[in-house]
Amino acid sequence: MTNPSIVNVNRNWHFVIKPLYSFIMLLGIAICFSAAVWQYQKSTFFQAPAAQSLHMKGVFLNESSHFLDNQTLNGKVGYAVITPFLYDETIYLVNRGFVPYQSRDKLPQVMPVIGTVEIDGYLKANHKPLLLNSSLQDPIEARIQFIDEKYFSKTFNQDISEEVFMMKKGQGLLQVMPEKSAYLSHHRHQAYAVQWLLLGLCGIFILFIASLKRGSAHA
């Protein structure tokens, strides 16, 4: 009587690399980590010391005033008036404050500022939003969705200050727009950074589990 053959089965764990799946996962993980770094850098911006007050004497270039859309103040909707200002042979984009509107079909009337004037305020870094299509044009030419210093540079055929001058005092000032709380902005961006970091770590864990297989080795 012959005995049935005995087969020893050793099961061990090993990795199986799926090129396309791994590439997609690694790309997603890289995006998550990049977003975490970006949000952390934005949080450090709000930790910077408060900007010092600046005083400038120059001329408003009224014909190039633009209206920054989607602004609110005390429950009212309107625009922030952005008027270029020539100071010491350099053009600054001055945020003159808030003006409400009654209709989206036409811009509100803002009185021009004539002659040499003195203004006080501070410079603020301009953060342009991420847009899928930045070539879209507003039907009203002077209405803008974000401040683009390159657009104004082409208009004047010279470089424009990359920072926006937030006007707080002087002739031509409209309704002052309060600044957002630096404390809340700092912690909000830190929370976003942690969320993106956790997503990236989850992606690594998922990739690890998905690539781990249990195989059989016959002896």
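Ser64 lies in the loop that connects strand S2 (54–60) with strand S3 (66–73), where strands are DSSP runs of E with at least two residues, numbered from the N terminus. The model is a predicted one, in which local features need pLDDT of at least 70 and side-chain atom pairs count only at pLDDT 80 or more, while totals for chains, interfaces and linings use all residues. Residues are numbered from 1 along each chain as its sequence is written, and side-chain values use heavy atoms, with hydrogens and water left out.

With a relative accessible area of 10%, Ser64 is buried (under 20%, with a 1.4 Å probe and protein chains only). Leaving aside residues up to four places away in sequence, Ser64 touches Ile82, Pro84, Phe152, Thr155 and Phe156, a contact being heavy atoms within 4.5 Å.

Strand S8 pairs with S5 in the parallel sense over four bridges, and with strand S6 (residues 116–125) in the antiparallel sense over seven bridges; pairing requires that DSSP finds at least two bridges between two strands. Within these pairings, Val94 stands opposite Phe165 in S8, and Ala125 has Glu163 of S8 as its bridge partner.

A search of the whole structure finds one cavity of 30 Å³ or more, that is, a set of points on a 1 Å grid over the protein atoms alone where a 1.4 Å probe fits but cannot get out. The largest cavity has a volume of about 50 Å³, taken as the space filled by probe spheres set on the points, which are joined across faces, edges and corners. Its lining (residues with an atom within 4 Å of a point) includes Asn95, Met166 and Gln175.

Technical notes:
On a 1 Å grid over the protein atoms alone, a cavity is a set of points where a 1.4 Å probe fits but cannot get out, and a pocket is an open set with protein on both sides within 12 Å along at least five of seven lines; lining residues have an atom within 4 Å of a point. Buried means under 20% relative accessible area, exposed over 50%, partly exposed in between (1.4 Å probe, protein chains only).
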